[in-house]
Amino acid sequence: MSTKRATAILAVAIALSPALEAQVHVGPQVPVPASIKIPRDGVTVPMQDMGGRPVVELKINGKGPYRFVLDTGAVTTVVSDELSRELSLSAAAGMQAAAAGGGTPPTIVVIHEIRIGDAVLEDVIAAVMPLGGLLRGENAPRGVLSAANFPGYLLTYDYPGKRISVKKGAIESADSRSTFQYRADQVLPTVPLRIAGHDTEVHLDTGSGFGLTLPMKFLAELPLASEPKEAARVRTGGGEFPVSIARVDGTIELGKYKLDMDEVRFSDARPGPAPATGNIGYEVLRHFVITIDSKNRCIRLEQ
C-alpha cells in the first residue's frame, strides 16, 4: 500500500432514513483498490435487489459469496461489524478515521481481495460499521461496495436487464443530453436537472430506494401543484430532519429525458455539517441503463 493511501484521513457517516438508506462520505481523497483485474471482455453479473438498491454477490479473501449493495452514493466500502469479525479483517495501517457529525469513529480495515465474478479488486480500504439497523430482512446484504472502486473502467447498471457489468473503457466526452460530466470537487456522481424552469444538480444515488429528493429550500423556490405534507422525520449524524412530499407544477428534465413522477421528496437530511444535496434514486434510475466512468467523471444514461 502506498504512503499516500496509508496516511489518508477518512471522515465517515451513515445517514439513516425511513427506508434505511446508507450513504458513506470520505475525504479528503477517495481510497481506491491497489490493483484491479478485469478480463479483456469485461465481467457481467446479475443485479439482485434490496428495496430498489442494486445488490451483487462477491467473495472476500476467498470466502463467501456475500451480498453487498453496489452504491454510487458511497465513496468508501463498508463492511458490517459482524462480517468483519467473521473474516478477521486486518486494520489498515496508518489510516485515521473520524465520524462525521460526531460519534464513535469506525474501524478502517484493508480487504486483500474482493472477487465479483471474474473481476478482482486487491487491497480495498473499507470502514467497519454496525449495519443491522440499516440492512435488514432475510438474506440481508452484509455491506456496501462503493462504485468508486473501478477507476479506469466502465461500470454499468442495466436496470431493465437486471445486470451489472464492468469493462475497460472510457466515456470520451459529455453532450449534456444523455452524457454528463461532473466536477472534480463533486465527490459523488452528479447530474444536472431542470425542474419547472429551475436548474440544479443532484447526486445519482443507486443506494436510494426513492425517486427525486431535493433540499427543503426548493419548497419555496419551485411552483407546487399540491400543498407539502410531512411524511417522516429522519435522524442522522447531522441532526433530525423532516421529510416532506409535494407535487411539482412543471416538467422535470434530466438532459434530453423528461422524468415522470407524481411526487418529489424534500429534506435537508445529511450525514454531517455539509449543506444538503438532492439525489435521484431507484424510482428514476430503474428506467435507465447507467454507465459511470469514475476516472473521467462522466455518466451516460440510455433508455
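**Rings, charges and cavities**

Colleague: Is tyrosine 159 buried or exposed?

Modeller: At a relative accessibility of 6%, tyrosine 159 counts as buried (under 20% relative accessible area; exposed is over 50% and partly exposed lies in between, with a 1.4 Å probe and protein chains only). Bear in mind that this is a predicted model, where local features need pLDDT of at least 70, side-chain atom pairs count only at pLDDT 80 or more, and totals for chains, interfaces and linings use all residues. Residues are numbered from 1 along each chain as its sequence is written, and side-chain values use heavy atoms, without hydrogens and water.

Colleague: Thanks! How many aromatic pairs are there in the whole structure?

Modeller: The search finds 3 (Phe, Tyr or Trp rings, six-membered for Trp, with centres within 6.5 Å; stacked under 30 degrees, edge-to-face over 60, otherwise tilted). For tyrosine 159 and tyrosine 282, the ring centres are 6.2 Å apart and the planes make 55°, so this pair is tilted.

Colleague: Where do those two tyrosines sit?

Modeller: Tyrosine 159 is in the loop between strand E13 (153-158) and E14, while tyrosine 282 belongs to helix H4 (residues 282-285), so the pair ties together parts 123 residues apart in sequence. Helices (H or I, at least four residues) and strands (E, at least two) are DSSP runs, numbered from the N terminus. Tyrosine 282 is partly exposed, at 24% relative accessible area.

Colleague: And how are tyrosine 257 and phenylalanine 288 arranged?

Modeller: Their ring centres are 5.0 Å apart and their planes at 80°, so that pair is edge-to-face. Tyrosine 257 lies in strand E22 (residues 257-258) and phenylalanine 288 in the loop between H4 and strand E25 (289-293), so parts 31 residues apart in sequence are tied together. Both tyrosine 257 and phenylalanine 288 are buried.

Colleague: Which residues form an aromatic cluster?

Modeller: Tyr157, Tyr159 and Tyr282 form one.

Colleague: New topic: where does the charged end of arginine 265 sit?

Modeller: Over the ring of phenylalanine 210, 3.6 Å from its centre (the criterion is Lys NZ or Arg CZ within 6 Å of the ring centre and within 35 degrees of the ring normal). Lysine 168 lies over the face of tyrosine 153, 4.6 Å from the ring centre.

Colleague: Last one, what lines the largest cavity?

Modeller: Val43, Val45, Val56, Leu70, Ile116, Ala119, Phe150, Ile164, Ser165 and Val166. Here a cavity is a set of points on a 1 Å grid over the protein atoms alone where a 1.4 Å probe fits but cannot get out, and lining residues have an atom within 4 Å of a point. E14 gives the largest share of that lining, with 3 residues.

Note on methods: 1 Å grid on protein atoms, 1.4 Å probe; cavity = no way out; pocket = protein on both sides within 12 Å on 5 of 7 lines; lining within 4 Å.
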